[in-house]
Amino acid sequence: MLDSYAVIGNPISHSKSPLIHKTFAQQTKQSMQYDAILAPLEGFQAAVESFRQQGGKGLNVTVPFKLEAYRLATRLTERATIARAVNTLKFENDEILGDNTDGAGLVRDIECNLGIPLAEKRILLLGAGGAARGVILPLLQQKPSLLAIANRTPAKAAALQEQFNAYGNSIAGDFMHFADAHFDIIINATSASLHDALPELPASVLAQATLAYDLMYSHEPTHFLEFAQQNGVHQLADGIGMLVEQAAESFFLWRGIRPQTKPVIAMLKSPI
Ligand code: NDP
């Protein structure tokens with residue numbers, strides 16, 4: 001029987017994870033299968049148990065189950081413990097190992113694929129939801145000179161800043177709070193782009209930015225990336241590289257082999 005993996009979420013039909021992992025498996029000659037599981041909103045734990053009972057080896061976890069996966073894990077990596085969210089589960093004997101590979105995926109995409117070191121940079125992170133929570137520690141571990149967390153609901157940004165305060169230099173506020181500040185890198189980790197909206201960010205914060213990065217990915221540029229381009233930011237990136245890199249990190253956790261990501265990113269970016 002082939003080793004079995006899957007991505008679990010709700011909704012799930014849009015997920016690119018099966019294509020990414022099947023390509024990784026072909027590339028590294030791993031005998032495995034990878035499927036997509038639609039779990040009922042109230043049925044995450046039961047769906048995971050059923051998958052395990054059938055011999056499943058590991059799961060990628062996506063919206064809206066990352067917190068439930070964190071609670072379900074019997075052992076956590078350090079980065080998952082600190083993020084308090086899990087996007088990768090690995091089943092071994094009676095153990096459920098929980099990891100969070102989102103932040104490592106973002107960092108690898110910016111540093112290795114886009115060629116921009118994060119050390120000593122001034123970074124503005126927009127959003128304080130699950131994705132932001134997963135990327136803050138890996139960003140701070142690259143030793144930026146500042147990480148500012150801005151959110152529509154500023155109390156959530158302040159809570160995250162307090163939680164991660166010990167790991168690096170960070171500040172928090174709402175979008176207007178940073179109107180007079182300048183940043184090298186601006187990362188949109190809000191879900192605004194999912195709803196075709198733009199965070200209400202003053203254009204002045206983009207004045208010295210060299211990279212605008214939107215975690216959301218689509219074939220058309222998001223409003224955030226269009227806004228950044230209109231305001232003079234030259235380098236623009238969407239989250240497809242992060243998606244592939246976080247998948248590669250999960251694949252490594254499961255199979256002990258690091259697949260090549262660049263050809264997979266190129267495949268996903270090519271016009272349909
Ligand atoms: P959450 O629902 O957990 O958080 C949403 C965040 O977006 C909150 O901070 C919310 O602010 C903010 N927000 C929503 N709408 C607006 C708006 N119109 N203007 C300003 N702020 C807004 O979502 P996630 O954190 O899970 O996901 C965020 C994004 O990251 C999604 O687009 C998702 O697709 C993407 N993502 C990409 C990944 C990748 O691999 N590329 C991996 C994970 C996520 P408030 O607190 O005020 O409500």
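Tutor: Let us start from a rule for this predicted model: two strands are taken to pair if DSSP finds at least two bridges between them.

Student: How do you know, then, that strand β10 and strand β11 pair?

Tutor: Strand β10 (residues 185–188) is joined to strand β11 (residues 211–214) by 4 bridges, and the rule asks for at least two, so the two strands count as paired.

Student: What makes the crossing of α5 and α6 oblique rather than perpendicular?

Tutor: The axes of α5 and helix α6 (residues 130–140) cross at roughly 50 degrees and come within 7 Å. Roughly perpendicular is kept for 65 to 115 degrees and roughly parallel for angles under 35, so a value of 50 degrees falls among the rest, and α5 and α6 are therefore oblique to each other. The hand of this crossing is right-handed. On the α5 side the contact uses Asp102, Gly103, Ala104, Leu106 and Val107, and on the α6 side Gly134, Val135, Pro138 and Leu139. By class, 6 of these residues are nonpolar, 2 are polar and 1 is charged.

Student: What is the order of the other sheet, and why are β2 and β4 called its edges?

Tutor: Here too 6 strands form an open sheet, in the order β2-β1-β3-β5-β6-β4, but the pairing is mixed. β2 (32–38) and β4 (75–76) each have a single partner strand, so one side of each lacks a neighbour in the sheet. Within it, strand β1 (residues 3–9) pairs with β2 in the parallel sense over 7 bridges, and Ile8 has Ile37 of β2 as its bridge partner.

Student: How do helices α1 and α9 run relative to β2 and β5?

Tutor: Helix α1 (residues 17–28) lies across β1, β2 and β3 (58–61) at about 175 degrees to β2; this is over 145 degrees, so the pair counts as roughly antiparallel. Helix α9 (residues 240–255) lies across β1, β2, β3, β5 (88–92) and β6 (95–99) at about 10 degrees to β5, which is under 35 degrees and therefore roughly parallel.

Student: Why is α1 called oblique to α9?

Tutor: Their axes are 10 Å apart and the packing angle is about 55 degrees, which makes α1 oblique to α9. The crossing is right-handed. Ile20, His21, Phe24, Ala25 and Thr28 of α1 make the contact with Leu243, Val244, Ala247, Ala248, Ser250, Phe251 and Trp254 of α9. This contact has 9 nonpolar, 3 polar and no charged residues.

Student: How is the chain divided, and how far apart are the centres of the domains?

Tutor: Domain 1 comprises 3–100 + 241–269, and domain 2 comprises 103–238. Their centres, taken over C-alpha atoms, are separated by 25 Å, and the contact takes 18 residues from domain 1 and 20 residues from domain 2.

Student: What makes the backbone at Pro11, Pro64 and Lys29 worth a remark?

Tutor: Most residues other than glycine have a negative phi, and most peptide bonds are trans. Asn10 and Pro11, however, are joined by a cis peptide bond with omega of about 5 degrees, Pro11 being in the loop between β1 and α1. Another cis bond, also with omega of about 5 degrees, joins Val63 and Pro64, and Pro64 lies in the loop between β3 and α3 (66–72). Lys29, in the loop between α1 and β2, has a positive phi, near 60 degrees, although Lys29 is not a glycine.

Definitions and conventions. Residues numbered from 1 in each chain as written. Predicted model: local features only at pLDDT ≥ 70, side-chain atom pairs only at ≥ 80, totals over all residues. Heavy atoms only, no water. Helix = DSSP H or I, 4+ residues; strand = E, 2+ residues; numbered from the N terminus. Contact = heavy atoms within 4.5 Å. Axes fitted to C-alpha atoms, helices over the stretch in contact; angles between N-to-C directions. Left-handed = near helix turned anticlockwise from the far one by under 90°. Nonpolar A, V, L, I, M, F, W, Y, C, P; charged D, E, K, R; others polar. Domains from an automatic or database assignment.
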